[in-house]
Amino acid sequence: MSQGPGNTRRTGGSRGAGGSGGAGPSRDTGRSRGAGSSRGSGPSGGPGRSGGSGRSGGTGESGGYRDNRGRQRNRQAMGERRYSSSVPSQRTRRTDPARLAAFRTLRAVAEDDAYGNLVLPDQLRRLQLNRRDAGLATELAYGALRHQGTWDAVLTHCVDRPLAKIDPPVLDALRLGVHQLLAMRIPDHAAIDQTVGLTRAEIGAGPSGLVNAVLRKVMAHDLTEWLEVLTRNTDDVTRLALEGAHPTWIVRALRQALTVHGRNPAEITRLLEADNAAPQVHLVALPGLGELTSALDDGATPSTLVADAATSAGGDLRRVQEVRDGTVRVQDAGSQLVAHSVLQSAPVADGEKWLDLCAGPGGKATLLAALAAQHGAHVTANEVASHRADLVRQALAVVDPQAWTVRCADGRRITAADAGQSSGEAGFDRILVDAPCTGLGALRRRPEARWRRTPQDLADLTVLQGELLDAAVGALKPGGLLVYATCSPHAAETMVAVDDVLKAHPELNLVDTGAAVRAAALPGALDGDADPAQIHVGSRARTGEPATSENPATTGHTATTAQLWPHIHGTDAMFIAHFRKNK
């Protein structure tokens, strides 16, 4: 299990003098490595013989002897000579399936821009790993991806060249090795031997010496000591970024988001830790279609946050018949609350027309469609990409086809006429805009995303979010409900977006989102410190007076937004805002 940055890895004793002469604090010599140890392991030194546990390691000139060629041989001071149990041709040249699955996942992420949470399950099936090995592969792959920035900082102290000059497959193997040494309870010798074997088997014999030498340098210090080295003379944000394994710009953004959404910015450490924890798998039974009985019998536990939901006990969910049938789905509880909240703002009238403007890959659209079928409503699921539109159709296939339609088109071109024929004024009665975003609220489920995203992505996405909201307002029937959601707490994608759409559309009012979200949750689940509601204070109220908590930006309503958090609610950091269009 990953211990996460900041925790000291327990060892059976001190590591010897391997760190002396390096960039970090040296360890005491209470446990000698003896002959055969690495040739120099200070974190800033090269693989030469100085800097610690070189060839001295308990021998000495007086303890050795010369062979028949006159060469000095290393001997322990006492005892018989120790030889390697294998000749070079017999050394490990293959890796176990768990490490192979993890390595292939890292390679697909780096080479193909793939998503680790999609690649790894396929590798587990291909290699037919049992539950224990699958757990090891998952921790190796996701842990190495999540902590990539911190592990790269460690490696920078242990190699004699820029990391960009190391072949990418070798760098990925090193990252897996570092994760085992610093964040897992795997014996050092096993972590190094298996990583070197993986390198020989999957890359070649040539780089295996480099991998062995570098990992022995890493081994000279535990995680706490390495973090002391890395964070020495750094500012607070850099320290949090290295200890919490997030890019510095994301640390700044998340700390600001806590403040903007009414939380204590000191919670940043807990938030970063939650991002690095293995996420729980949440299940939802589609209303009127699915039952959780089999999942509960298989070890799942009922959700404490939302009805008709559960938390999986792990393992292969395909064991559950309803999961195979598609009537029980994997869906984060935060996303479930978003969909359920669409119904909670006002009673549903028969024949209502709903729109999921950004429906792919279909999770929320399917839950909405199942709810629509129960209430006599119809959902249009819009998706711009044809392959994702196909995924939406597949997801919706279990729901009554009379309750849904899939539209493959640019959401920015949607109009009220696309709602089809209806009595009264044209337009959709309820619209969900679950907009494309940076995904900063779902980093625990997408371990590589934090290292891919850049501030420029944020600039591009906020423009798109504004355009989608503008289109949705135009397609919304007077009196209709618009629900804006993102899986990001970033201020620019949440509160700023709310301000912008209110300024651009005077006909739109922010309503009490918090009340709708609480009504969508189980009774008491969002009380007290868990209440996600935040009174929205816009730049100016409709009256033209400065906005305050007593005079929010819309008149006649308690205007609130809702923000969920991984470290508070155990969900993705979903942001939700409900708007009502004037009649």
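Among contacts (heavy atoms within 4.5 Å) between residues at least 6 apart in sequence, 71% join residues at least 24 apart. The model is predicted: local features need pLDDT of at least 70, side-chain atom pairs count only at pLDDT 80 or more, and totals for chains, interfaces and linings use all residues. Residues are numbered from 1 along each chain as its sequence is written, and side-chain values use heavy atoms, without hydrogens and water.

The protein has 21 helices and 15 strands, taken as DSSP runs (helices H or I, at least four residues; strands E, at least two) and numbered from the N terminus. Of its 583 residues, 51% count as buried, that is, under 20% relative accessible area with a 1.4 Å probe, protein chains only.

One aromatic pair is found in the whole structure, with ring centres required to lie within 6.5 Å. Tyr-484 and Phe-575 form this pair, which is edge-to-face (planes over 60 degrees apart), at 6.3 Å centre to centre and 70 degrees between the planes. The two residues are 91 residues apart in the chain. Both are buried.

| Residue | Strand | Strand residues |
|---|---|---|
| Tyr-484 | strand 11 | residues 476-486 |
| Phe-575 | strand 15 | residues 575-581 |

The loop between strand 11 and helix 19 (495-504) holds Cys-487. An unreviewed UniProt entry lists Cys-487 under "active site"; such annotations may be inferred rather than shown by experiment. Cys-487 counts as buried because its relative accessible area is 15%. Beyond its neighbours within four places in sequence, Cys-487 has contacts including Cys-437, Arg-446, Ala-573 and Met-574.

Methods: Phe/Tyr/Trp six-rings, centres within 6.5 Å; stacked < 30°, edge-to-face > 60°. Buried < 20%, exposed > 50% of the residue type's maximum accessible area, 1.4 Å probe, protein only.
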